[in-house]
Amino acid sequence: MPLVIRPRVRKAIRRTTALTGVALFGCTGVALASCPPSPVTTPFAHWGDNNAYFLAPGGSFAGTADQVGWSRSQATLTPADEPFYVNNGSDGQSLTIPAGGSATSPYFCVDDTMRSLRFFAAQTAPGTDLEVRAFVQTGGGVEQVSLADLADGSMPNWAPTAPITADTGSIPSGGSVMVSLQFLAPGWTGSWQVDDIYVDPYRSG
């Protein structure tokens, strides 16, 4: 089923793109080196997106909790993969986030070539949005940046999200920052499943 995004979600993505640019450009924690190469694939080619992506750390949610490496509050690793198996046909887990829960990735390197991210999601019970945030390491600590808000009811079945754009072009060329992603369901009822989180592009144009 095609992805349906409510107008207010599109507005949220446009609005938070500007916030991301301010956070990344203004931070004092920029390293004077680009990120090391990572393996890339074209996981969204079936949906007309031929850009190259790399998998975020633990973004397939395959393996034990220690192997996945995400910190979780009420969120659980669930024995059910997204149905397209874009990462690996043998994958058998995804992340379930109930209302009031959250999950946070390990930190990873982001440079000015990495303009957006996409992932697969499905709302398994109504009642809550799904928010996506980034934590950016700075010279003075960690800065939180809102990236997107998927509306309650917008994704009743597994589907890829639209690209969530971040203004990483604000990072000086040849520089990089360390970023962690957080997914949370802020409502009182409902739940979401998330799987196969990819970052695009990695020096792909």
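C35 and C109 form a disulfide (a pair of cysteine sulfur atoms within 2.5 Å), with their sulfur atoms 2.0 Å apart. A disulfide is a covalent bond between the sulfur atoms of two cysteines. The link of C35 and C109 is left-handed, with -85° about the S-S bond. The pair joins distant parts of the chain, 74 residues apart: C35 lies in the loop between helix 1 (7-26) and strand 1 (54-55), and C109 in strand 6 (residues 108-111). The structure holds one disulfide.

This is a predicted model, in which local features need pLDDT of at least 70 and side-chain atom pairs count only at pLDDT 80 or more, while totals for chains, interfaces and linings use all residues. Residues are numbered from 1 along each chain as its sequence is written, and side-chain values use heavy atoms, with hydrogens and water left out.

Helices (H or I, at least four residues) and strands (E, at least two) are DSSP runs, numbered from the N terminus. The protein chain has two helices and 13 strands. Buried means under 20% relative accessible area, exposed over 50%, and partly exposed in between (1.4 Å probe, protein chains only). Of the 205 residues in the protein chain, 51% are buried.

| Residue | Relative accessibility |
|---|---|
| C35 | 4%, buried |
| S116 | 10%, buried |

S116 is placed in strand 7 (residues 116-125). Leaving out residues up to four places away in sequence, S116 touches P163, I164, T165, A166, Y198, V199 and D200, where contact means heavy atoms within 4.5 Å.
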